[in-house]
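Hi everyone, thanks for coming. Let's bring the structure up.

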Amino acid sequence: MSQFLFNILLAFACMLLTGESSAPSFISGMVVGYLILWMSRSAFGKDVYFSKIPRLTGFLLYFLKELILANLRVAFDILTPKNYLEPGIVEVPLDVKSDLEITLFANLVTLTPGTLSLDVSADRKILYVHVMYLQDEEHFMCELKEGLEKRLIEVMR
């Protein structure tokens with residue numbers, strides 16, 4: 001049985017023991033279950049589960065920070081009289097390989113206000129991204145690759 005599934009079962013057991021069936025109860029059960037599994041990891045053998053959870057948490061916090069900053073930038077542009085738009089289309093070379101990774105990356109780019117994934121090249125090596133505030137193409141591409149794509153690869157592989 002995978003450790004993730006075992007963690008979910010421990011969370012449900014925690015919910016049953018406390019008598020509460022709510023999201024906070026499930027989340028606290030997941031945290032307690034994770035700690036129990038982490039303390040007994042030598043009995044289960046080495047698993048990637050314990051290294052993926054911190055990476056996933058870091059990825060979610062990074063994406064949330066980027067999402068908030070992009071929202072603030074778009075809101076600032078809307079509320080001020082000066083127009084700060086400098087639209088452009090950027091070709092971003094992809095390091096993600098599988099269909100799932102490419103789809104997740106393209107959708108995460110689209111979810112961020114001010115950017116929109118337009119297309120993936122036929123050889124699946126380039127993602128075309130429309131950017132609302134493009135001052136420097138190289139800086140934007142480096143920021144996207146070193147930030148979002150790099151963290152997504154860490155979580156997915």
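Let's start with how α5 and α6 sit against each other: their axes cross at roughly 140°, and because angles over 145 degrees would count as roughly antiparallel, this pair is oblique instead. Please keep in mind that this is a predicted model. Helix α5 covers residues 99-111 and helix α6 covers residues 137-156, and their axes come within 11 Å. The crossing of α5 and α6 is right-handed.

So who meets whom? On the α5 side you'll find L100, E101, L104, F105, L108 and V109, and on the α6 side L144, L148, E149, L152 and M156. Sorted by class, that contact has nine nonpolar residues, two charged ones and no polar ones.

Beyond its neighbours within four places in sequence, E149 is in contact with P93, L94, D95, V96, F105 and L144.

Now step back to the largest nonpolar core, which has 23 residues. The residues with the most contacts inside this core are V96, F105, V129, F140, L144 and L148. At least two core residues come from each of α4 (49-79), β1 (88-93), α5, β3 (126-131) and α6. Which helix gives the largest share? That is α6, with seven residues.

One last stop is F140. Setting aside neighbours within four places in sequence, F140 is in contact with V90, T115, V129, V131 and L134.

Key. Residues numbered from 1 in each chain as written. Predicted model: local features only at pLDDT ≥ 70, side-chain atom pairs only at ≥ 80, totals over all residues. Heavy atoms only, no water. Axes fitted to C-alpha atoms, helices over the stretch in contact; angles between N-to-C directions. Helix = DSSP H or I, 4+ residues; strand = E, 2+ residues; numbered from the N terminus. Parallel < 35°, antiparallel > 145°, perpendicular 65-115°, else oblique. Left-handed = near helix turned anticlockwise from the far one by under 90°. Contact = heavy atoms within 4.5 Å. Nonpolar A, V, L, I, M, F, W, Y, C, P; charged D, E, K, R; others polar. Core = buried A, V, L, I, M, F, W, Y, C linked by side-chain atoms within 4.5 Å. Buried < 20%, exposed > 50% of the residue type's maximum accessible area, 1.4 Å probe, protein only.
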